[in-house]
Amino acid sequence: MSEVNAGAAHAGAQSESNLDLIIVGAGFAGMYMLHRARGLGLAARVFEAGSGVGGTWYWNRYPGARCDVESMQYSYQFSDELAAEWEWSERYSPQPEILEYANHVADRFDLRGDMQFDTRVERAHFDEASGRWNVTTSDGGQWSAQFVVMATGCLSSANKPKIDGLESFRGDTYHTGQWPHEGVDFTGKRVGVIGTGSSAIQSIPIMAAQADHLTVFQRTPNYMVPAHNGALDQGYAAEVKADYGALRDRARTRPGGIDIEINMAPAMEAGDAARREVYESKWARGGFGFMGAYGDLMLDQAANDTAAEFVRGKIRDVVDDPDVADLLSPHNIFGCKRLCVDTNYWQTYNRSNVKLIDVSEEPIERLTPGGLRARGEDFEFDAIVFATGFDAMTGALLRIDIQGVGGEKLVDKWAEGPKSYLGLSVAGFPNLFTVTGPGSPSVLTNMLPSIEQHVNWISDCLDYIRQHGHAQINPEAVAEEDWVAHVRETAGLSLRATCSSWYVGANIPGKPRVFMPYMGGYPAYLEKCAEVVENGYQGFALT
Ligand code: FAD
Ligand code: NAP
């Protein structure tokens, strides 16, 4: 499938002021939002900073990028025909295939005509007199619409740490989330990689096989479970497709919205040998299913310790040098930072051309013209890869100058951490919605179903507003406060809120430390959203 996007830019025939809806972002959220908006007969326009659709899968083209939710679960469910016709090739889909899928969806539903690419939304101001949003784009465009949907992504604002001397480095630098479309050939190169999160662990084994030498700078080691990726069992795929609804229904009952088996027995009630057997069988199966070994792994420290020690044992089994194995072994809470799903990551450190440098005690000092200085040593590189993640959940939203009622700036309202009602809307910012915003389960779930649920909720809401002759919807301050309090309370119940992860904004200097996603579980969240609707949009003021 070709990536024919830019040609459709500026194709819309609308004047600047007759839009019903502006959608920011053309990832899976923005694409589906446009499709639903059209179904409601709304005049809608999507603005996308990139040159094509796909969002995450458009930007993150680093070697080895792939989904770690299984292919048969990471796809749209709104169209039975789409689900039936699309064929995934691997158990976990590689980035190019997911991007191809996004392009296929854009073609199949003829989405590009209302999309404007290479255009960043810079400002969105609510005009109280007209009750409309005035939106300014990077090409100088001035737009107005009754509604705005921020489909800007939770992991779309790349974080490149401000290390001294950044500009002085004479070689090439790359960020995994802004990878060049033509790819990068590291053959014969000395490469430095900063970071050991999901993006790093996927790319390091592949870059190591290509580069002359690879040096990894690790601040915090991560827990991983093996992917055991391979060709997708087409018999299994056919079985799922024969009753896709059953798999989707099961997934909706799981806390992460992924159909995995969860053993609700407490881990500490099992004997050592029995527990080990359970972990081994989950390990052999691979993937996130490991988290279902025991339902209390994220609730009980002792239970968590057993999983953590099991994984450390696996590192010792695989890594030849005991000192390196020790360095690679995490000692924080298992699953506290997002669990990584790997292919040959630890094995890579047995290669003679790979070196691991611990920068946990002393940060990287600076980049130099020839490379990088850390722990008092100069390293010479031809290229440096920043696998340093994202200003997650709030980054993309706060990069836009968003002003609501009375000129209140979102950046001010969220100075102490994000506040929203259901992660869908913000008091004082009427008719503006966020897809998988902070305060929703979002990044703790299989994201595609979460995106669809939000888009469906927003679309139904827009339909309701119009059917009932309302002009505005705005969460009540008290409903928002109650929800924020509930989000914080549920976060406190889990071990996950206790460590320095991007879930709490710890990776961005100066960012308020607040656990941002909703931890109460996907089923409870679905119930709450449905209840709000059943009670006539409870907690919202409709005017
Ligand atoms: P995105 O895909 O991030 O799209 C947002 C779009 O908005 C981007 O294209 C961006 O350019 C655009 N945008 C942002 N701000 C502006 C602006 N001001 N003006 C114009 N355009 C703007 N989730 C899973 O469930 N399973 C996985 O295995 C998984 N793997 C991932 C792997 C990687 C490398 C990353 C980074 C994320 C992964 N995720 C995964 C999360 C992933 O982000 C979601 O699954 C999903 O793709 C998000 O879709 P989205 O449309 O909400 O946001
Ligand atoms: P990440 O998980 O935030 O990892 C960033 C890494 O960079 C961390 O190891 C971090 O160390 C390190 N780092 C940041 N600044 C540094 C500095 N100044 N000096 C040294 N090290 C520094 O980012 P990511 O790997 O891009 O992943 C982000 C999220 O995207 C994932 O958690 C996941 O949700 C999603 N994702 C999924 C997949 C997948 O498998 N499907 C792949 C990639 C991404 P600290 O830990 O010490 O902060």
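Which backbone N or O atom lies 3.1 Å from an oxygen atom of ligand 1? That atom belongs to Phe28. The model is predicted: local features need pLDDT of at least 70, side-chain atom pairs count only at pLDDT 80 or more, and totals for chains, interfaces and linings use all residues. Residues are numbered from 1 along each chain as its sequence is written, chains are lettered from A and ligands numbered from 1 in the order written, and side-chain values use heavy atoms, with hydrogens and water left out.

Ligand 1 has 32 residues around it (a residue is near a molecule if one of its heavy atoms lies within 4 Å of it). Glu48, Thr56, Asp68, Tyr74 and Met447 come nearest. An N or O atom of the Trp59 side chain is 3.0 Å from a ligand 1 oxygen. For the Trp57 side chain, the distance to an oxygen of ligand 1 is 3.4 Å. The protein covers 95% of the 980 Å² of accessible area that ligand 1 has on its own (Shrake-Rupley method, 1.4 Å probe). Helix 1 (28-39), helix 2 (56-59) and helix 13 (447-467) each supply at least two shell residues (helices are DSSP runs of H or I, at least four residues, numbered from the N terminus). Helix 2 gives the largest share, 3 residues. By class, this shell holds 18 nonpolar, 11 polar and 3 charged residues (Ala, Val, Leu, Ile, Met, Phe, Trp, Tyr, Cys and Pro count as nonpolar, Asp, Glu, Lys and Arg as charged, and the others, Gly among them, as polar).

Ligand 2 is surrounded by 22 residues. The closest are Arg66, Ser199, Thr220, Lys337 and Arg338. A polar backbone atom of Arg66 is 2.9 Å from a nitrogen of ligand 2. The Arg219 side chain places a polar atom 2.9 Å from a ligand 2 oxygen. A polar backbone atom of Ala387 lies 3.3 Å from an oxygen of ligand 2. Protein covers 88% of the 900 Å² of accessible area that ligand 2 has on its own. Helix 5 (residues 198-210) gives the most to this shell, with 3 residues. Domain 1 (8-157 + 392-542) and domain 2 (159-223 + 335-389) each contribute at least three residues; the bounds come from an automatic or database domain assignment. The shell around ligand 2 has 8 nonpolar, 9 polar and 5 charged residues.

Key:
A polar contact is a pair of N or O atoms within 3.5 Å; within protein, one must be able to donate a hydrogen and the other to accept it, and residues adjacent in sequence count only if both atoms are side-chain atoms.
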